[in-house]
Protein chains: 2
Amino acid sequence: MAEVVVLDEDFRRYLDLLSSSGIDAVGTDDPGAVDDAEILLASPTLAGRVVHRLASLDWVQSTWAGVDALLAVGIPSGIVVTRLEGVFGTQMREFVLGHLLAHTQRVAERMTARSWDETPPALLDGTTLGIMGTGSIGAAVARAAGHLGMTPVGLSREGRSVPGFVRVHSDRLEFAEGLDHLVAVLPATPGTRHIVDADLFERLEPGGVFINVGRGSAVDTPAVIEALASGRLGRAVLDVLPTEPLPDGDPLWQVEGLVITSHTAAWSRPTDVVSVFLGNLECRRRGEPMRGVIDPERGY
Amino acid sequence: MAEVVVLDEDFRRYLDLLSSSGIDAVGTDDPGAVDDAEILLASPTLAGRVVHRLASLDWVQSTWAGVDALLAVGIPSGIVVTRLEGVFGTQMREFVLGHLLAHTQRVAERMTARSWDETPPALLDGTTLGIMGTGSIGAAVARAAGHLGMTPVGLSREGRSVPGFVRVHSDRLEFAEGLDHLVAVLPATPGTRHIVDADLFERLEPGGVFINVGRGSAVDTPAVIEALASGRLGRAVLDVLPTEPLPDGDPLWQVEGLVITSHTAAWSRPTDVVSVFLGNLECRRRGEPMRGVIDPERGY
């Protein structure tokens, strides 16, 4: 039995990176080929198919940020799951600022313009950005927004203050009141289901941008379509959806003002994954707490 | 004779703002209606039509950043011209980051997508941004780029180091070597004419973005078209052009990968203009140096 097993579509790349860090491991993309392991470095979907039958397993390091696919099958007691944490801020801040600025600067209209038009762009400077989720990704987005003169306002379960946010609410409707733009970075949990709905959109200033880079279940999609139609939202960018991939021909592709980005806002770069894994491996050997440990009760 | 005369298309707005700051002034948008003034708050084009015949004139505060239209008619000795300075950084950083990120995040393609596409975006993080011009606008763009993990490299006449830039060159070809993206923020002077040309583009990494937010004369436009056609540039954004407005039907509107933004990257907000004017008025009364004083020899 191998101590470390990689179970991921990209297992060859991970084995190369682990090998050059002096870590012995075996790898596969076939759950049926794994008979036992102490440690799994695995995608949550594939891990979910083996986690109940590997006798020696005590730690799963996810190669993704969101581990809802693994939580859905139940994590046996005695197994620690760590999610990929602290590596997506860079990608997420570029995605969020890019889509906010593309709207205010009217980039798509400018790209197809065929005559001189001196209408000035709107500014993000001086506007408020609501960020649902104040973890490492939310905080990275808040800092980047603050650098452009935006006022970042957070929402979290406890409403605890977090560096980078001017304030953090725990009441979602108080949070939403008067926000210019809104970003959701929430995990898929029972508590976040449809937390973004028509009541929330009603509180926003009209004409702003809504971006979902968390999980599709957090958003009531019909409410987004209505808010776009009424002008309550100026644009919506959904990187994540309740059903992925969204099939060709789905009416969502045709909704005016809705941008679907196919779950690409943050991708797991193998070098980042391996760096998180090695850090946690070292913590485990020293008996120190690992980073990104999942609380199955809380769901993230 | 009025001490302060406003000569600008927006003169009514300026008079309101001056009046609420306790400044007596008269205003017009007709150069023929101005018979004398000690101080002109004026657009450079209109100021150019009166500057040689106002006997008492000793100071012109421009309502724009670029005063080449005024320099073109020659500034009589004894008249100080100040340009609008220090107020465009906020607008320019949003314009530049917006167009860079819209390209790397493929926003326009995403807006018209009709099927799931998991191609990840490119990142600005870890790339180099060349900025031609290290004044207050260039420095604001450099700081914003640095906050997104880019390496900002400057070009200026003297090559003096400037906060916000990791280095500043005085040789334009050394400067351009290996840059990922390029922004020009240069004034119109004899020394900057066609300073952005095919030789410069040859030094860049292929596939990046070129943005001109300075003056159109700095850029050899046919070289931009060629660089887009060859793939040397992935996109070019020209906010300024040698002839403005660009006429309808001009072939430039049709060039693939070329975005024309109709000189809107930074607009003079009357509140900013008046704030700069009042600051300089106070310096003048105290006999202290004003901000943005033009050196007619240097041309900016």
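Me: At what angle do helix H1 (residues 11–20) and helix H10 (residues 270–286) of chain A pack, and how far apart are their axes?

Reply: General idea first: axes are lines fitted to C-alpha atoms, for helices over the stretch in contact, and angles run from 0 to 180 degrees between N-to-C directions. Helices (H or I, at least four residues) and strands (E, at least two) are DSSP runs, numbered from the N terminus. Here the angle is about 50 degrees, with the axes of H1 and H10 of chain A 10 Å apart. Bear in mind that this is a predicted model, where local features need pLDDT of at least 70, side-chain atom pairs count only at pLDDT 80 or more, and totals for chains, interfaces and linings use all residues. As for bookkeeping, residues are numbered from 1 along each chain as its sequence is written, chains are lettered from A and ligands numbered from 1 in the order in which they are written, and side-chain values use heavy atoms, with hydrogens and water left out.

Me: What word describes how H1(A) and H10(A) lie to each other?

Reply: Angles under 35 degrees count as roughly parallel, over 145 as roughly antiparallel, 65 to 115 as roughly perpendicular and the rest as oblique. H1(A) and H10(A) are therefore oblique. For handedness, a crossing is left-handed if the near helix is turned anticlockwise from the far one by less than a right angle, and right-handed if clockwise. H1(A) passes H10(A) in a right-handed crossing.

Me: Which residues make that contact between H1(A) and H10(A)?

Reply: Contact means heavy atoms within 4.5 Å. H1(A) brings A:Arg13, A:Tyr14, A:Leu17 and A:Leu18, while H10(A) brings A:Pro270, A:Thr271, A:Val273, A:Val274, A:Phe277 and A:Leu278. To sort them, Ala, Val, Leu, Ile, Met, Phe, Trp, Tyr, Cys and Pro count as nonpolar, Asp, Glu, Lys and Arg as charged, and the others, Gly among them, as polar. That gives eight nonpolar, one polar and one charged for H1(A) with H10(A).

Me: How do helix H4 (residues 89–104) and helix H6 (residues 136–147) of chain B cross?

Reply: Their axes come within 8 Å and cross at roughly 50 degrees. H4(B) passes H6(B) in a right-handed crossing. On the H4(B) side the contact residues are B:Gly89, B:Met92, B:Arg93, B:Val96 and B:Leu97, and on the H6(B) side B:Ile137, B:Ala140, B:Val141, B:Ala144 and B:Ala145.

Me: How much area is buried between chain A and chain B?

Reply: Buried area is the accessible area (1.4 Å probe) that two parts lose on being put together, summed over both. Between chain A and chain B it is about 4,300 Å², with carbon and sulfur atoms giving 66%. In chain A, A:Glu94, A:Arg114 and A:Trp116 lose the most area to chain B, together 19% of what that side buries. The contact takes 48 residues from each of chain A and chain B.

Me: How many salt bridges are there between chain A and chain B?

Reply: A salt bridge is a side-chain nitrogen of Lys or Arg within 4 Å of a carboxyl oxygen of Asp or Glu. The count between chain A and chain B is two, and over all chains the structure holds 24. A:Asp125 pairs with B:Arg93 in a salt bridge, the closest N and O atoms being 3.9 Å apart. Inside chain A, A:Arg291 forms one with A:Glu85 at 3.3 Å between the closest N and O atoms. A:Arg291 lies in the segment after H10 and A:Glu85 in the loop between strand S5 (80–82) and helix H4 (89–104) of chain A, so the pair ties together parts 206 residues apart in sequence.

Me: Which residues does a cis peptide bond join in chain A?

Reply: A:Glu244 and A:Pro245, with omega about -5 degrees. A:Pro245 sits in the loop between strand S11 (233–238) and strand S12 (258–260) of chain A.
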